[in-house]
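These are my notebook entries on one structure. I record what I looked up, in the order in which I looked.

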Amino acid sequence: MTDLERRVRRLVPDRFESLVSGVRFGQFVSVGVVGGISDNTVLAVLGLAFGVSDMWAKAAGVETAILVMFLVNEHWTFAGQGETGRRSFAKRLGKSHLVRSGGVAVQLAVYWLLTQWLMIELVVAGTDLWFIAASPLAIGVAMLVNYVAESLFTWQVHADG
């Protein structure tokens, strides 16, 4: 265990020590990259190909990412956590949406600030692509909120024993 890991663990109550799992956090970030790619693909296609407004395209991208990330987290990051069966799966999916609503609010607020309030332009080949470039920044801020909330409420990693 590194010195940094020891310092972080001293700050985290024993009940929540499972949040400090570097492996689980790494998996969560990896899944977040998959979600970010899903989110930005939907954002770009809806915004560039279909002319959907930035915020609506972003909202559709976020929902797509939530579903993709839930499925990957369910079968990889948090595999073996929680009860089995369709009812438990549906309960976790609903809980994940509810829990992620905080991260979604953070992400959309940061995205709105970056795209609507700051008015930055990133023109490439005559097209302003700032709305796509701003998305990963908003995703990164929301990722930490989502990691803690999903770990504690959806998969209840602190109840591992």
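**Entry 1**

**Entry 2: basis of the entries.** I note that this is a predicted model, in which local features need pLDDT of at least 70 and side-chain atom pairs count only at pLDDT 80 or more, while totals for chains, interfaces and linings use all residues. Residues are numbered from 1 along each chain as its sequence is written, and side-chain values use heavy atoms, with hydrogens and water left out.

**Entry 3: salt bridges.** I searched for a side-chain nitrogen of Lys or Arg within 4 Å of a carboxyl oxygen of Asp or Glu, and the count came to two salt bridges. In one of them Lys58 meets Asp39, at 2.9 Å from N to O. Asp39 lies in helix α2 (residues 22–49) and Lys58 in helix α3 (residues 54–77), so this pair ties together parts 19 residues apart in sequence. I took helices (H or I, at least four residues) and strands (E, at least two) as DSSP runs, numbered from the N terminus. Both Asp39 and Lys58 are buried; buried means under 20% relative accessible area, exposed over 50%, and partly exposed in between (1.4 Å probe, protein chains only).

I also found a salt bridge between Glu74 and Arg92, with the closest N and O atoms 2.6 Å apart. Glu74 belongs to helix α3 and Arg92 to helix α4, so the pair ties together parts that are 18 residues apart in sequence. Glu74 and Arg92 are both buried.

**Entry 4: aromatic rings.** I searched the whole structure for rings of Phe, Tyr and Trp (its six-membered ring) with centres within 6.5 Å, planes under 30 degrees apart counting as stacked, over 60 as edge-to-face and the rest as tilted. The search finds one aromatic pair. Phe70 lies in helix α3 and Phe89 in helix α4, 19 residues apart in sequence. Phe70 counts as buried at 1% relative accessibility, whereas Phe89, at 29%, counts as partly exposed.

**Entry 5: the largest nonpolar core.** Which residues make up the largest nonpolar core? I listed nine: Leu43, Ala57, Val110, Tyr111, Leu114, Trp130, Phe131, Ala134 and Ala138. Such a core is a set of buried Ala, Val, Leu, Ile, Met, Phe, Trp, Tyr and Cys residues joined through side-chain atoms within 4.5 Å. Helices α4 (86–117) and α5 (130–154) each supply at least two residues of this core, and α5 gives the largest share, four residues.

I then looked up the contacts (heavy atoms within 4.5 Å) of Phe131. Leaving aside neighbours within four places in sequence, Phe131 touches Leu43, Gly47, Leu48, Asp54, Tyr111 and Thr115.

**Entry 6: positive phi.** Met119 is not a glycine, yet has a positive phi of about 55°. Met119 sits in the loop between α4 and β1 (123–124) and is exposed, with a relative accessible area of 60%. Ala125, also not a glycine, has a positive phi of about 50°. Ala125 is in the loop between β1 and β2 (127–128) and is exposed at 82%.

**Entry 7: the chain as a whole.** I counted five helices and two strands, running α-α-α-α-β-β-α from the N terminus on. Of the 161 residues, 36% count as buried.
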